[in-house]
Amino acid sequence: MDQLALLFVLLLGALVSVPVGNRFGVPSPVLMTLFGGVLAVADFVPNVDIPPDLILPALLPPLLYAAVRRTSWRQFTANRRPIFLLAVALVLVTMVCVAVVAHAVVPGLPIAAALALGALIAPPDPVAATAVAGQLGLPRRLVSILEGEGLFNDVTAIVLYHVAIAAVVSGTFSPWRAGLELVLSAVVALVVGLALGWGANKLMDLLEDPTLQIGMTLLVPYASYVLAEELHGSGVLAVLTTALFLAEYATDADNVMTRLAGHAFWDIIDTLVTGVAFGLIGLELHNAIRTASGRWGEMLGWAVAVVGVVVVVRLLWLLPATWLTKRLHARRDSEEDIPVSWRETVVMWWSGMRGVASVALALAIPLRTDDGSPFPDRDEIVFIAFGVIIATLVLQGLTLPWLVRWLGVRADSEREKEFEKELAVRASKAAKRRLREIEQVEELPEDLSEQMLRRAFDIGIRINPEMGEEERREAHQQRVRRLKRVRRIQQEMLSAARHEVLAARSEPGADPEVVDRVLRHLDVRSLR
């Protein structure tokens, strides 16, 4: 098997792992990691030969962009305090604690190299956290905090990692310079992210065609990441800024085709890239085995010690941080999403899985310093990092569903249904308001006006059939049943039309482009 065949195997595994994971209640990222580990020990599978400095630029931009699409700027601003406590403060605390323990247990490990180890394993993985949490039906407030932590903690960790690596390679370290570098990196990333977001928004208006607009959304995250890194800024923060800008300002309510096709496109990209990323984590098992050859007991002991630090520090930090956030929340009566019980805090604690970023940063450690000497204890650092990633991702990922069920942490489905009803009512009222505005400038026949008024109410019912209970419930029960029957018959009619048009594609002289264009019109009509 060559490298290209291995890539196709990982892509196929990414697709298959989703239904298999749903069937057995195992998160698909965990399955892909285990699958990669199995491939790593197979004799016919080659070693992965990907330059470490290409892993982050190739995988992170689309994963970050796909994650931001599921959230909003309001959620980030509303949760700024818990996100800061987790994505910035906790990363710093974890880095320092890991460095202290690693420096103490690994003989001869310099403190700067230990700080590099702490920085690369400090941030929980945004993809793992959201992928696992999203399948467990957790309360939205927990998912929002985990998403915010996972998206922003890489910004802090990667900058700290580069500072620590520079200190080891050059042999010098200045805290003032490190602080200035952190600030400048953030400023450059924000400027690049906003500029590219604004430019991409304007360019998408000019493109008009949905296919071209969706293609632009794939290019923009990469352009944002690469440009920010070239200007010595944070590529991760630049991608987040660009994605949030586009999510806020590039959404046209009437651009139906782009929105429908864009959702499908990014769901596919997210599934495939996530699967490949976690499959690569498992494939790195062969490097760990080679590194620990003849020293398994000693190196496993180091890895276990660091894993314990990572897990315990997160718990000890979350308990007072959650209490503090609750106090501030109560005083200011904010709309901030916070854990409301110790059970939710425990779930947040056990959701701190490491993943793609940690692997890429570990593999990107230079082989030599500026004076030509080998990077101190590089093999040991990579082994410990890999041990932390596997322990947190596989152990916590496999046991998190059981923990959630045992603690009884569930999303508030009633609240979600009420919000859905509220949106249905608002949508219906907005349609009625627009109808009244049209009637003021256009003279509509009475039967047409009445028909349009029913259509306006039907908009809400199609979103949430239970909305009919909110007003004139008895009068509309029969209409709701009739509407469902009409929709069923209409879908069957459209299905017959689609089959007929699709059959024409194989007829002599038929133009497949014309057939596909007509078929797209029928598909869009079927969704209405």
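## Cavities

On a 1 Å grid over the protein atoms alone, a cavity is a set of points where a 1.4 Å probe fits but cannot get out. Grid points are joined across faces, edges and corners, and a volume is the space filled by probe spheres set on the points. This is a predicted model: local features need pLDDT of at least 70, side-chain atom pairs pLDDT 80 or more, while totals for chains, interfaces and linings use all residues. Residues are numbered from 1 along each chain, and side-chain values use heavy atoms, without hydrogens or water.

The whole structure holds 3 cavities of 30 Å³ or more. Helix 16 (356–363) and helix 17 (378–407) each give two or more residues to its lining. Lining residues, which have an atom within 4 Å of a point, include E284, N287, S358 and F386.

## Helix 1

Helices are DSSP runs (H or I, at least four residues), numbered from the N terminus. Helix 1 covers residues 3–24. Its 22 residues should span 32 Å at 1.5 Å a residue, and the end C-alpha atoms, 30 Å apart, agree with that. The expected span is 1.5 Å times one less than the number of residues.

Helix 1 bends by about 30° at S17, with P19 following within four residues. The bend is the angle between axes fitted to the seven residues ending there and the seven starting there. Just after helix 1, G25 has a positive phi of about 70°.

## Helix 6

Helix 6 (residues 111–121) is mostly covered, with 9 of 11 residues buried. Among them are A112, L117, G118 and I121.

Note on methods:
Buried < 20%, exposed > 50% of the residue type's maximum accessible area, 1.4 Å probe, protein only. 1 Å grid on protein atoms, 1.4 Å probe; cavity = no way out; pocket = protein on both sides within 12 Å on 5 of 7 lines; lining within 4 Å.
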